[in-house]
Amino acid sequence: MNTLTIAPLFARIVDDLATHGWSQQSIFIPTDLTTQLAQECRQRAQRGQLELAGIGRGVAKVVHAGIRGDQIQWLEEGQNSTVDRYLALMEQLRSAINQTLFLGLEDFEGHFALYPPGAFYKKHLDRFRDDDRRVVTCVAYLNEQWLHEQGGELRMYLDGGQTHDVVPQAGTLVVFMSEQWPHEVLPATRDRLSITGWLRRRA
Ligand code: OGA
Ligand code: MN
């Protein structure tokens, strides 16, 4: 695999994706960036800019608190330098994956997500029935000093009945093939902040 021109951290993710279909990096996002992103997410929540997330897409979209209870706001380029810094990282990741795995990823879409205490997202796959553009899921966590007993893990259902839990600690990035791995978000005892996004191919 020609990963020589790709920064080591990105090369590791690409390698993991190729061999296992998922990757977890505990030190991916610089601390100053996660701090600023968390601040930005909280400000948007305070200004009432976050909306209850829905299930499905377009006219089929419904809010269903029994399935997911997070509040979200989509990221837009050029609105905010902190968000732009994050989008630039995702662009680097997109390019690294395309250079080696030839998935034809065209763009990134992502949103801030805030799960209030007790909120969860039941087991699901990140693919809409009517839209198969989402190829790679990328979730970045923004929570300083997350304690194990606070819950809120991302639980991935892997092959052979195995599960893998990701603690939503600031700096961690988890990347996985959207179609391959069912996953759920377990309830937490404190606010749980993240940026969830998808690298997408052409429709
Ligand atoms: C999602 C999702 C995981 C997480 O938004 O589709 O599964 O850990 N998020 O926030
Ligand atoms: Mn998901």
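Leaving aside neighbours within four places in sequence, L93 is in contact (heavy atoms within 4.5 Å) with F10, I13, C138, L173, V175 and L199. The model is predicted, so local features are given only at pLDDT of at least 70 and side-chain atom pairs only at pLDDT 80 or more, while totals for chains, interfaces and linings use all residues. Residues are numbered from 1 along each chain as its sequence is written, chains are lettered from A and ligands numbered from 1 in the order in which they are written, and side-chain values use heavy atoms, with hydrogens and water left out. Helices (DSSP runs of H or I, at least four residues) and strands (runs of E, at least two) are numbered from the N terminus.

**Nonpolar cores**

- L93 is one of the residues that touch the most other members of the largest nonpolar core, together with Y86, M90, V136 and L173, in a set of 37 residues.
- Such a core is a set of buried Ala, Val, Leu, Ile, Met, Phe, Trp, Tyr and Cys residues joined through side-chain atoms within 4.5 Å, where buried means under 20% relative accessible area, exposed over 50% and partly exposed in between, with a 1.4 Å probe and protein chains only.
- Two or more residues of this core come from each of α1 (8–20), α2 (31–46), α3, β4, β6 (134–141), β9 (173–177) and β11 (192–201), and the largest share, eight residues, is that of α3.
- Another core lies apart from this one and has 17 residues, among them L154, L158, V174 and V185.
- In soluble globular proteins, nonpolar side chains tend to be buried together.

**Aromatic pairs**

- Three aromatic pairs are found in the structure, a pair being two rings of Phe, Tyr or Trp (its six-membered ring) with centres within 6.5 Å, counted as stacked when the planes are under 30 degrees apart, edge-to-face when over 60 and tilted for the rest.
- One of them joins F10 and F28 in an edge-to-face arrangement, with 5.6 Å centre to centre and 80° between the planes.
- This pair links distant parts of the chain, since F10 belongs to helix α1 and F28 to the loop between β1 (22–25) and α2, 18 residues apart.
- F10 counts as buried because its relative accessibility is 6%, and F28 likewise counts as buried at 6%.
- The pair of W74 and W198 is tilted, because the ring centres lie 6.4 Å apart and the planes stand at 45°.
- W74 lies in strand β3 (residues 71–74) and W198 in strand β11, so this pair ties together parts that are 124 residues apart in sequence.
- W74 counts as partly exposed at 36% relative accessibility, whereas W198 counts as buried at 5%.

**Second largest pocket**

- The second largest pocket has a volume of about 190 Å³, a volume being the space filled by probe spheres set on grid points that are joined across faces, edges and corners.
- On a 1 Å grid over the protein atoms alone, a pocket is an open set of points where a 1.4 Å probe fits, with protein on both sides within 12 Å along at least five of seven lines, and lining residues have an atom within 4 Å of a point.
- Its lining consists of L75, E77, L87, M90, E91, R94, E106, D107, F108, E109 and G110.
- α3 (81–101) and β4 (105–115) each supply at least two residues of this lining, and the largest share, five residues, comes from β4.
- The lining divides into four nonpolar, one polar and six charged residues, with Ala, Val, Leu, Ile, Met, Phe, Trp, Tyr, Cys and Pro counted as nonpolar, Asp, Glu, Lys and Arg as charged, and the others, Gly among them, as polar.

**Individual strand residues**

- V166 lies in strand β8 (residues 163–166) and counts as buried at 0% relative accessibility.
- Not counting residues up to four places away in sequence, V166 touches Q24, Y141, E153, L154, T172 and V174.
- T196, in strand β11, is buried with a relative accessible area of 14% and, with residues up to four places away in sequence not counted, touches E109, G110, H111, C138 and V139.

**Loop residues**

- F102, in the loop between α3 and β4, is exposed with a relative accessible area of 67%, and its phi is near 50°, a positive value in a residue other than glycine.
- Q145, in the loop between β6 and β7, also has a positive phi, of about 50°, although it is not a glycine, and counts as exposed at 66% relative accessibility.
- Most residues other than glycine have a negative phi.
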